[in-house]
Amino acid sequence: MLDLEVLAKAAECLRTLAHPVRLRMVQMLLHGRYSVGELAESCEIPSHVASEHLRLMQHCGFLSRTQEGKYTYYELAEPHLADIMECIEDRFGNGK
């Protein structure tokens, strides 16, 4: 069994994922890296709001970030997110 301290950290990170915009971002990032602007546009939110969502997920170690000129790009740093998204899609996809 995992100790409660480890489970508390896991719960914190799962709470971070538990937002529709963040889940959409993870879905996108499963297919490659995206700029903040691209993620914001796809999620229909302002760039500064997208940046905050991305910062929270990066804090949990889910994402990595690279700066290229004036653009910031994000990509997945946690490969297990693919398994989590597969579980979500299996459970809630197709109008379930």
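In which helix is His-53 found? His-53 belongs to helix α4, which covers residues 47-59, and this helix is one part of a predicted model whose chain holds 5 helices and 3 strands. Read from the N terminus on, the elements follow the order α-α-β-α-α-β-β-α, and the C-alpha trace spans about 45 × 35 × 20 Å along its principal axes. Of the 96 residues in the chain, 28% are buried, and among contacts between residues at least 6 apart in sequence, 49% join residues at least 24 apart.

- When neighbours within four places in sequence are left aside, the residues in contact with His-53 are His-19, Val-21, Arg-22, Met-25 and Ile-45.
- Leu-54 also has its place in helix α4, and with a relative accessible area of 0% this residue is buried.
- The contacts of Leu-54, again leaving aside neighbours within four places in sequence, are with Met-25, Val-36, Leu-39, Leu-63 and Tyr-74.
- Although Leu-54 and Arg-22 are 32 residues apart along the chain, their C-alpha atoms are separated by 7.6 Å.

**Helix α3 and the residue that follows**

- Helix α3 takes in residues 36-43, and within it Val-36, Leu-39, Ala-40 and Cys-43 are buried.
- Seen down the axis of α3, these buried residues fall within an arc of 100°, and therefore they line one face of the helix.
- The elements against which the buried residues of α3 pack are α2 (20-29), β1 (34-35), α4 and β3.
- Glu-44 follows α3 and lies in the loop between α3 and α4, where its phi is near 55°, a positive value in a residue other than glycine.
- Glu-44 is exposed, with a relative accessible area of 74%.

**The sheet and its hairpin**

- The 3 strands form an open sheet in the order β1-β3-β2, and their pairing is antiparallel.
- Because β1 and β2 stand at the edges and each has a single partner strand, one side of each is left without a neighbour in the sheet.
- Strand β2 (residues 63-68) and strand β3 (residues 71-76) run antiparallel and are joined by 6 bridges.
- Among the facing residues of this pair, Leu-63 stands opposite Leu-76 in β3, while Thr-66 has Tyr-73 in β3 as its bridge partner.
- Together β2 and β3 form a hairpin with 2 residues between them, and in the turn Gly-69 has a positive phi of about 65°.

**Aromatic rings and charges**

- How many aromatic pairs are counted in the model? The count comes to 0 aromatic pairs.

**Cysteines**

- A search of the whole structure finds 0 disulfides.
- Cys-87 is in no disulfide, and the nearest cysteine sulfur, which belongs to Cys-13, is 17 Å away.
- Are Cys-13 and Cys-87 buried or exposed? Cys-13 counts as buried, because its relative accessibility is 10%, whereas Cys-87 is exposed, with a relative accessible area of 53%.

**Helix α1**

- Val-6 has its place in helix α1, which covers residues 4-17, and because its relative accessibility is 42%, Val-6 counts as partly exposed.
- Val-6 and His-31 are 25 residues apart in sequence, and from C-alpha to C-alpha they are 29 Å apart in space.

Terms used
Residues are numbered from 1 along each chain as its sequence is written. This is a predicted model: local features need pLDDT of at least 70, side-chain atom pairs count only at pLDDT 80 or more; totals for chains, interfaces and linings use all residues. Side-chain values use heavy atoms; hydrogens and water are left out. Helices (H or I, at least four residues) and strands (E, at least two) are DSSP runs, numbered from the N terminus. Contact means heavy atoms within 4.5 Å. Buried means under 20% relative accessible area, exposed over 50%, partly exposed in between (1.4 Å probe, protein chains only). Rings of Phe, Tyr and Trp (its six-membered ring) pair if their centres lie within 6.5 Å; planes under 30 degrees apart count as stacked, over 60 as edge-to-face and the rest as tilted. Two strands pair if DSSP finds at least two bridges between them. The arc is that of the directions from the helix axis to the C-beta atoms. A disulfide is a pair of cysteine sulfur atoms within 2.5 Å.
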